[in-house]
Amino acid sequence: MNPMNVREQNKAIVRRAIEAGWNPANLAVIDELYAAGFIFHQESGEAVRGLDFFKTWIATIHGAFPDIRYQIEAMYAEGDKVATRYTVRGTHQGDFRGLPATGRSFDLSGHLIHRVVDGKKTEGWGIWDTLGLMIQLGVIPPVRLGSGAPPPDTAANIAATRRLFEALSSRDPEVLPTAIDELMIPEFVTHGDALFPLVYGRDALRQAIPRFKAAFPDATATIQRIFAEGHKVMVHVQVSGTHDGEWMGVPTTGRRMNWTASSIIRFNSAGKMAERWVIEDEIGVLQQLGRIPRFQGQGG
Amino acid sequence: MTSVEERNKARIVRFYDEIINQGNVAAVDELMAPDFVHYGETLFPRIEGSAAIKAGVLGVINAYPDGRTVVEDMVAEGDTVVCLLSWRGTHQGPFMGIPPTGKVSAWRGISTYRFNAEGKIIERWANMDVMGQLQDLGVVPVIQLGGGQEG
């Protein structure tokens with residue numbers, strides 16, 4: 001059998017064990033997919049052999065968390081090994097290793113590595129967020145430690161946002177692309193609205209500039225409100241410009257246009273823009289372009 | 001095993017030997033993308049940027065100068081390497097606000113590393129069994145629950 005097929009078949013066995021064995025507590029599936037001499041290397045490094053301990057574990061977690069669900073997030077395979085990254089959720093409705101039901105729910109991450117030989121799991125290694133489990137069940141208080149990440153510099157993030165909108169207003173064609181490159185991570189994602197729903201990547205954003213600048217060569221964006229909390233900046237801008245080129249299918253009208261846009265910009269801990277959610281007054285734009293009529297009783 | 005998978009595994013070994021074990025943070029720029037993101041668990045849920053990694057590595061080395069991570073096993077497929085790790089070190093400097101205790105702690109972990117097109121580490125999902133270490137430090141109370149383990 002070619003190695004690619006072995007990889008996929010081994011992944012399918014681990015997936016079936018989790019989805020058809022662990023989640024519904026189906027011990028027949030466990031017997032089918034695990035070798036009788038299965039060895040599990042516990043988090044301590046200590047190994048246990050055989051399936052009894054594992055079947056007891058399945059009974060324990062389903063007794064404590066009847067709705068427990070492991071969700072596979074990613075699988076990778078090489079040779080006879082399969083690595084699985086998962087999340088697991090459940091509600092504490094029964095005794096868990098001596099801990100009476102708390103009614104609390106948990107949501108955690110974990111990793112597994114298995115060896116699969118001739119269609120059966122023969123060996124396993126597992127690490128999951130037991131600290132998180134204990135905290136989310138309320139067994140131990142939340143751990144507040146100085147993390148390696150520096151606190152957000154809200155003043156710097158506001159300054160970066162101001163620079164972006166000043167660059168948008170510049171007539172120099174180099175200013176905005178340079179600002180985008182310097183301010184944003186390459187994987188910058190824009191979450192927009194109905195007309196411009198999603199833009200992936202800094203480059204795609206940069207490539208869209210010439211079309212906008214051709215339509216509104218004198219466009220300016222004036223910040224009317226700006227504030228920051230945590231890693232996010234909220235900014236409300238007034239955009240003005242003369243419609244001097246095709247835009248949304250409408251040829252040049254020469255009209256002076258005004259509209260507003262609100263953005264939430266998320267910065268990473270290095271102070272780079274990572275993500276933006278934006279809502280723009282597209283209806284106002286389309287009405288000023290004469291593309292759609294004004295509505296009866298409309299304000300303004 | 002493709003050449004990319006081999007290269008990525010070699011870079012994981014270098015990451016742990018040179019950066020984590022020897023504290024050569026200059027190698028961070030060579031092996032990691034500046035916009036690297038760590039998705040962890042409760043203790044360090046999210047770390048963004050390779051600069052934060054440099055600071056973290058130096059902090060751990062200061063606290064555990066003899067700390068060593070051993071890459072026990074690796075599973076590589078495509079742009080991703082998953083590694084099984086074990087760590088052991090002696091608490092000889094302040095760590096997360098706790099003065100040195102002289103205690104030897106150890107943990108095991110499994111982490112997924114994704115490489116970008118340039119062959120630099122861009123993302124990591126990490127699980128580390130640090131309960132014992134935090135109990136050694138007195139940060140977390142010692143809890144004894146009945147046996148059992150996932151498989």
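Reply: The largest nonpolar core has 73 residues, and those with the most contacts inside it are A:Ile113, B:Val75, B:Val82 and B:Ile121. A nonpolar core is here a set of buried Ala, Val, Leu, Ile, Met, Phe, Trp, Tyr and Cys residues joined through C-beta atoms within 7 Å. A residue is buried if 20 or more other C-beta atoms lie within 10 Å of its own, exposed if 12 or fewer, and partly exposed in between, with C-beta atoms placed from the backbone. Strand S4 of chain B gives the most to this core, with 6 residues. Helices (H or I, at least four residues) and strands (E, at least two) are DSSP runs, numbered from the N terminus.

The model is a predicted one, in which local features need pLDDT of at least 70 and side-chain atom pairs count only at pLDDT 80 or more, whereas totals for chains, interfaces and linings use all residues. Residues are numbered from 1 along each chain as its sequence is written, and chains are lettered from A and ligands numbered from 1 in the order in which they are written. The model scores ipTM 0.93 and pTM 0.66. For chain B the mean pLDDT (the predictor's confidence in each residue, from 0 to 100) is 91, and 95% of its residues reach 70 or more.

A:Ile113 shows how residues of both chains meet in this part. Leaving aside neighbours within four places in sequence, A:Ile113 is in contact with A:Lys81, A:Ala83, A:Gly124 and A:Trp125, and also with B:Asp73, B:Val75, B:Val82, B:Leu84 and B:Ile110. Two residues are in contact if their C-beta atoms, placed from the backbone, lie within 7 Å.

The interface can be described next. In total, 44 residues of chain B are in contact with 51 residues of chain A. On the side of chain B that touches chain A, two or more residues come from each of strand S2 (46-48), helix H3 (50-63), strand S3 (68-77), strand S4 (80-90), strand S5 (104-115), strand S6 (121-128) and helix H4 (131-137) of chain B. H3(B) gives the most to this side, with 5 residues. By class, the side of chain B that touches chain A has 22 nonpolar, 14 polar and 8 charged residues. In this scheme Ala, Val, Leu, Ile, Met, Phe, Trp, Tyr, Cys and Pro count as nonpolar, Asp, Glu, Lys and Arg as charged, and the others, Gly among them, as polar.

Chain B has 4 helices and 6 strands, which run α-α-β-β-α-β-β-β-β-α from the N terminus on. Buried residues make up 42% of its 151 residues. Of the contacts in chain B with a separation of 6 or more, 48% are between residues 24 or more positions apart. Chain A contains 8 helices and 12 strands, and 30% of its 300 residues count as buried.

Two loop residues of chain A call for attention in their backbone. A:Arg97 has a positive phi of about 50° although it is not a glycine, and its place is in the loop between strand S4 (81-91) and strand S5 (105-117) of chain A. A:Arg97 is partly exposed, with 14 other C-beta atoms within 10 Å. A:Asp118 likewise is not a glycine and has a positive phi, near 50°; this residue is in the loop between S5 and strand S6 (120-128) of chain A. A:Asp118 is exposed, with 7 other C-beta atoms within 10 Å.

Elsewhere in chain A, the axes of helix H6 (residues 175-183) and helix H7 (residues 202-215) come within 10 Å and cross at roughly 170°. These axes are lines fitted to C-alpha atoms, for helices over the stretch in contact, and angles run from 0 to 180 degrees between N-to-C directions. H6(A) and H7(A) are therefore roughly antiparallel to each other, a term for angles over 145 degrees. The contact is made by A:Leu176, A:Pro177, A:Ile180 and A:Asp181 of H6(A) and by A:Arg202, A:Leu205, A:Arg206 and A:Ile209 of H7(A). By class, this contact of H6(A) with H7(A) has 5 nonpolar, no polar and 3 charged residues.

Technical notes. Angles under 35 degrees count as roughly parallel, over 145 as roughly antiparallel, 65 to 115 as roughly perpendicular and the rest as oblique.
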